[in-house]
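Me: Could you walk me through this model with a few questions and answers? I would like to go from the overall fold to single residues.

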Amino acid sequence: MAETGPGNEQQRDAGLIPAHVAERVHELRQLLQNASYAYYVLDSPVMEDAIYDQLYKELLELEERYPTLITPDSPTRRVGEQPASQFVSVKHNIPLYSLENAFSHEDLMKWEERWQRLAPEIKDFDYVCELKIDGNALALTYEEGQLVRGATRGDGVVGEDITSNVRTIRSIPLRLRLDSPPALLEVRGEAFLPLDVFAEINRERQDRGEALFANPRNAAAGTLRQLDSRVVAQRQLDFFAYTLHIPVSEAEGDSGSESLKPPTSQWEALELLQSIGFRVNPERQCCPDLAAVKAYCDRWSTGRSRLAYLTDGVVIKLNALDLQARLGFTQKFPRWAIALKYPAEEAPTVVERVVIQVGRTGAVTPVAEMRPVLLAGTTVTRATLHNRDRLRELDLHLGDTVIVRKAGEIIPEVVRVIRELRPAEAIPYQMPNHCPECGQPLVKPADEAVTRCINCSCPAIVRGALIHWASRQALDIQGLGEKLILQLVDTGLVKSVPDLYGLTVKQLLHLERMGPKSAEKLVTAIAASKQQPWPRVLYGLGIRHVGSVNAQVLSAAFPSVEALAAASIPAIAATYGIGEIIAQSIYDWFQNPANQTLIQRLQASGVTLANPETLATMTQPPNLALADKTFVITGTLPTLKREQAKALIQQAGGKVTDAVSAKTDFLVAGEKAGSKLAKAKELGVTILTEAELVAMVEAF
């Protein structure tokens with residue numbers, strides 16, 4: 001077939017593409033992809049820049065001439081797309097856990113002792129050390145070898161879809177270098193700005209009179225959240241991959257992939273990542289023991305100043321992947337990895353007094369109140385003293401001059417006392433033996449460093465439980481802040497979480513700064529929180545070691561409170577990312593009679609304690625208020641979200657469908673109800689407001 005001129009629109013629209021053109025486009029892509037891999041991943045260019053530019057221009061012209069030849073993995077697709085209006089939230093297939101921090105070799109030794117207690121028979125092991133890049137974590141998803149999604153870490157469970165921005169990063173392959181890629185593969189890594197690029201960006205911003213970025217990490221974060229990916233393309237972000245996830249079915253060979261042999265170690269995983277197209281930090285090292293790890297960390301504590309990017313520490317991982325899987329995770333961290341952070345900024349100040357804080361779990365923490373000191377850019381007046389044992393080690397006296405630093409660059413802590421500067425009249429501080437809130441004796445469990453108040457009626461514990469329950473990641477009760485919770489507890493109106501659901505407007509009017517409208521809003525917000533999904537409620541219960549990420553994982557495996565309460569320790573521990581320690585904590589929590597009463601009272605109050613699909617299929621008593629009734633929900637309701645209204649109906653025995661039909665009993669209509677409202681009127685379906693729906697349920 002003869003090729004016609006570039007102006008032949010009929011040929012272009014009909015997709016009549018000469019075979020030799022398609023072959024040339026394929027060849028150009030291969031040449032450019034191989035050149036990019038050599039340049040960005042292997043740091044070993046195989047092609048002059050001028051030749052690369054010439055081939056790129058040829059490919060671009062052919063794709064413009066024959067648009068049907070354009071594919072998502074073409075090198076020309078990295079230039080950026082039209083600006084997006086917003087980013088869409090996406091749930092990660094596998095949660096992104098953060099890392100536990102260590103600040104000394106002694107911390108690493110304690111970490112090793114902890115994981116060895118869980119696997120005492122393991123004698124043959126090694127570690128992989130990787131520089132901790134000061135950037136932003138990304139989760140990349142590949143289907144059939146092609147990049148289909150790039151997302152930010154977010155809260156570890158839900159991130160933002162920034163695929164159009166990720167595609168502009170040249171060290172991230174748009175297509176994997178595999179002949180037979182698996183159906184699904186996920187990669188985790190760190191996006192960052194090289195120091196020279198960061199300096200150039202700030203020079204340009206200064207020339208334009210714009211505010212400068214504080215550091216490369218902030219600049220990278222701001223770049224990744226640009227709605228215009230063309231701006232991102234100009235910023236020249238880079239990327240190091242460090243984790244590879246292949247679903248079990250893929251690893252067992254169900255995908256038909258013969259070219260991807262699943263790795264058995266972290267070192268093999270890094271080698272595999274590089275071979276399939278990713279840039280992996282070249283300074284990684286396999287270490288046979290902690291002595292070699294220490295030597296690696298010591299070398300880079302000074303050597304990092306010569307790097308082209310910022311690093312704030314070293315990540316140490318157990319090399320064997322089967323050992324990683326066995327050790328699992330804590331509430332927040334993998335047990336098989338830790339980050340050694342380089343020393344934080346320190347400063348001297350004077351301790352004026354010590355106060356005791358009691359948390360929602362009863363944990364008692366001494367806190368030093370000090371003369372103001374500037375530390376890592378902020379003024380610090382309080383610093384944690386951790387626990388009774390730490391106080392004993394410090395030998396702290398009131399009036400002591402101490403060295404303070406920010407642990408993990410976040411929480412101020414007292415590092416040491418300068419005894420040479422101690423005033424003659426300084427008084428040694430003694431940890432109290434009774435709770436400062438309720439006066440009950442404090443207890444220090446033999447297996448814990450923390451001293452606790454074990455009085456579940458202690459006002460501090462009740463306040464903490466209520467603050468946690470109402471927090472944004474838990475039940476998210478708008479208007480129920482710490483000051484109001486303090487009043488509710490101090491006045492005796494609320495002595496436990498379920499008491500919230502019995503509050504009335506009349507009771508609230510007796511509180512300070514609480515008018516009728518505010519009281520009504522709060523009662524409505526508390527009532528609406530009953531419909532929060534099961535994962536939020538599970539997190540809100542405040543079970544030790546169960547954070548928001550673990551609550552998401554557990555709620556998927558145990559879709560109701562009954563299922564979780566009845567589960568054995570091995571069954572809970574078998575859940576991805578949980579393990580025996582968290583499982584034991586959950587099991588013990590549900591064995592406590594006080595917690596069983598708590599669950600019963602929450603159920604009686606109507607709080608959602610199961611996933612919606614479980615609620616819909618649970619055996620219901622025959623006399624539920626909405627039994628055998630079919631509902632359709634349309635429009636925007638005043639206070640309830642669509643899923644909350646749906647759960648309310650299902651809990652009362654009703655069924656919710658999407659379309660109005662002759663079988664529909666009720667239509668719950670909000671603002672902008674649209675065509676469903678018209679259809680319901682036409683069929684004579686009863687129309688309900690949100691208030692009428694709630695009244696139907698509560699009347700029963």
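Reply: Happy to. Contact means heavy atoms within 4.5 Å. This is a predicted model, where local features need pLDDT of at least 70 and side-chain atom pairs count only at pLDDT 80 or more, while totals for chains, interfaces and linings use all residues. Residues are numbered from 1 along each chain as its sequence is written, and side-chain values use heavy atoms, with hydrogens and water left out.

Me: Which residues does Asp499 touch, not counting residues up to four places away in sequence?
Reply: Asp499 sits in the loop between helix H15 (482-490) and helix H16 (505-508); helices (H or I, at least four residues) and strands (E, at least two) are DSSP runs, numbered from the N terminus. Leaving out residues up to four places away in sequence, Asp499 touches Leu493, Val494 and Arg601.

Me: Is Asp499 buried or exposed?
Reply: Buried means under 20% relative accessible area, exposed over 50%, and partly exposed in between (1.4 Å probe, protein chains only). The relative accessible area of Asp499 is 19%, so Asp499 counts as buried.

Me: What share of the 700 residues in the protein chain is buried?
Reply: The protein chain has 27 helices and 24 strands. Among its contacts between residues at least 6 apart in sequence, 68% join residues at least 24 apart. Of the 700 residues, the buried share is 48%.

Me: What is the strand order in the open sheet of 5 strands?
Reply: Two strands pair if DSSP finds at least two bridges between them. Strand E10 (residues 311-318) and E11 are antiparallel over 5 bridges, whereas strand E2 (residues 101-102) and E11 run parallel, joined by 2 bridges. Pairing in this open sheet is mixed, and the order is E2-E11-E10-E3-E9.

Me: Which strands stand at the edges?
Reply: In the order E2-E11-E10-E3-E9, two strands each have a single partner strand, so one side of each is left without a neighbour in the sheet. These edge strands are E2 and E9 (285-287).

Me: Which residue is the bridge partner of Tyr127 in E9?
Reply: Strand E3 (residues 127-133) pairs with E9 in the antiparallel sense over 3 bridges. In E9, Tyr127 has as its bridge partner Cys287.

Me: Which residues point one way from E11, and which the other way?
Reply: In a regular strand the side chains alternate between the two faces of the sheet. Strand E11 (residues 337-341) is mostly covered, with 5 of its 5 residues buried. Ala337, Ala339 and Lys341 point one way, and the other way point Ile338 and Leu340.

Me: How many disulfides are found in the whole structure?
Reply: A disulfide is a pair of cysteine sulfur atoms within 2.5 Å. The sulfur of Cys286 has its closest cysteine sulfur in Cys287, 6.9 Å away, which is too far for a bond. Cys458 is in no disulfide either, with the nearest cysteine sulfur, that of Cys435, 3.8 Å away. For the whole structure, the number of disulfides found is 0.

Me: Are H14 and H15 parallel or oblique to each other?
Reply: Axes are lines fitted to C-alpha atoms, for helices over the stretch in contact, and angles run from 0 to 180 degrees between N-to-C directions. The axes of helix H14 (residues 459-470) and H15 come within 10 Å and cross at roughly 140°. Angles under 35 degrees count as roughly parallel, over 145 as roughly antiparallel, 65 to 115 as roughly perpendicular and the rest as oblique. H14 and H15 are therefore oblique.

Me: Which residues of H15 meet H14?
Reply: On the H14 side, the residues are Pro459, Val462, Arg463, Leu466 and Ile467. Their counterparts in H15 are Glu482, Ile485, Leu486, Val489 and Asp490.

Me: Where is Thr264, and which residues does Thr264 touch, not counting residues up to four places away in sequence?
Reply: Thr264 is placed in the loop between helix H9 (248-251) and helix H10 (266-275). Thr264 and Leu323 are 59 residues apart in sequence and 9.9 Å apart in space, C-alpha to C-alpha. Not counting residues up to four places away in sequence, Thr264 touches Asn319, Ala320, Leu321 and Asp322.
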